[in-house]
Amino acid sequence: MKRDHPKRKIYLRIFSLLLAIYLILMLAFSTFFLSKQKKIAMMDLQTDGLYLSTSIERIIKDYVSNNQIIDITKVRKELVNTLYLEPDTELAFFTGDYELVYNTNPYWTASYTSQVVGNNYYTDYAYINPEDWFSDEESQEIEDYLYAAPKAEKVGDLSGYAVYVEGFWLDNEMMIPKTIYVHRMYADEFNKNGELSRSSGVPGDVIVYETNYENKKGLPYYDQTAEIIPNNLGNPNNEEQNALRKAVINPANLNQLIPPLFMKQEKSEVYSEKVNLFNYRFYWIETYQRTLEDGSYSPFWTVVGRNVNLWEQTVPTLKFIWATGFIIIIFAFIKYVIFFLKIAKLLMRFRNCTLKCVY
């Protein structure tokens, strides 16, 4: 049985030592980097929360008297038209007694012409709750059309779908569609850069969904077209987003976070909840004012929640750092082997020279 060469053992030990140092350093850096990314995500949420809170405060100031909202319907309508949220974010607006005034939702948003003055057309927005009017299968089909993004490469290729309402009733901020049409759109023209510039549909090439709604409430009917607008952040209907939405609108969660918020005497703070190894759920709460007569109090609360996957945010950088570190380790090992071989040759020459001198 052959014995391992002494050099091989030395090389193996050196490489193992370098690899251990590499792993320790990379794990330490990754932990530090994830921690910094978490803090950045919390700061981003606070910045967005302040902006949203300011927007809400600006909207409700004309509808508040003695710390009470005098027209919740109009407030909700204004919020539908105004608020814009970042990806994976949900918002809820409560009264001081934790009564939910408004919250973001998975409804569809439709735009319609609210009034015409001269040559000016004014656009308004309303929500459509598909669960109220369509089966799960129909709702999924319509959403698939709404968020479809076929790649048109030449004239005549399918370029997308136009989803719109024909005739509807309005119940405050909610729209009840009479009929939803899905119109297939085909590429007509491309610009010099090869990008689609114009598309159109073929008359009669539509898919029809009827609600069969009976207007027993005497709601106003609008015999016009309303366009269903896809969320520019993608379809908001997924399990993680639904779980976040439920957490944000739950007044019990708000009630648990308010006491420590007031005890710390801070206007706002970001709270974190670990969902799993790399997924976090952050909450930001904004108070509108506080009085310290019989205790702290705020007439309104804004709660903003956000799902954050730290792995998705950090993996590109970590891959680069880990790969670069491993290349450095290999380079250091090769340099060591070369250096060791040079020293070995020098020692061998010195030994041979010594032996010649002796004999």
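User: Is Y181 buried, partly exposed or exposed, and which figure says so?
Analyst: Y181 counts as partly exposed, at 23% relative accessibility. Buried means under 20% relative accessible area, exposed over 50%, and partly exposed in between (1.4 Å probe, protein chains only). This is a predicted model, where local features need pLDDT of at least 70 and side-chain atom pairs pLDDT 80 or more, while totals for chains, interfaces and linings use all residues. Residues are numbered from 1 along each chain as its sequence is written, and side-chain values use heavy atoms, without hydrogens and water.

User: Which aromatic pairs turn up?
Analyst: The whole structure has 17 aromatic pairs. Rings of Phe, Tyr and Trp (its six-membered ring) pair if their centres lie within 6.5 Å; planes under 30 degrees apart are stacked, over 60 edge-to-face, the rest tilted. One of the pairs is Y145 with Y161, tilted, at 4.8 Å centre to centre and 55° between the planes. Y145 lies in helix 4 (residues 136-146) and Y161 in strand 7 (residues 158-171), so the pair ties together parts 16 residues apart in sequence. Helices (H or I, at least four residues) and strands (E, at least two) are DSSP runs, numbered from the N terminus.

User: Why is the pair of Y164 and Y181 stacked?
Analyst: The ring centres of Y164 and Y181 are 5.7 Å apart and the planes are at 25°, so the pair is stacked. Y164 is in strand 7 and Y181 in strand 8 (residues 174-190), 17 residues apart.

User: Which residues form an aromatic cluster?
Analyst: W133, W169, Y213 and Y221 form one.

User: New topic. Which members of the largest nonpolar core touch the most others?
Analyst: I56, L83, L91, F93, Y102 and F282, out of 30 residues. Such a core is a set of buried Ala, Val, Leu, Ile, Met, Phe, Trp, Tyr and Cys residues joined through side-chain atoms within 4.5 Å.

User: Which element gives the largest share?
Analyst: Helix 1, with eight residues.

User: What does F93 touch?
Analyst: Leaving out residues up to four places away in sequence, its contacts (heavy atoms within 4.5 Å) include I56, I69, Y102, Y288 and W301.

User: How much space lies in the second largest pocket?
Analyst: About 380 Å³. Of its 20 lining residues, D88, N307, V308, N309 and Q313 are the closest to the centre. On a 1 Å grid over the protein atoms alone, a pocket is an open set of points where a 1.4 Å probe fits, with protein on both sides within 12 Å along at least five of seven lines; lining residues have an atom within 4 Å of a point. The volume is the space filled by probe spheres set on the points, which are joined across faces, edges and corners.
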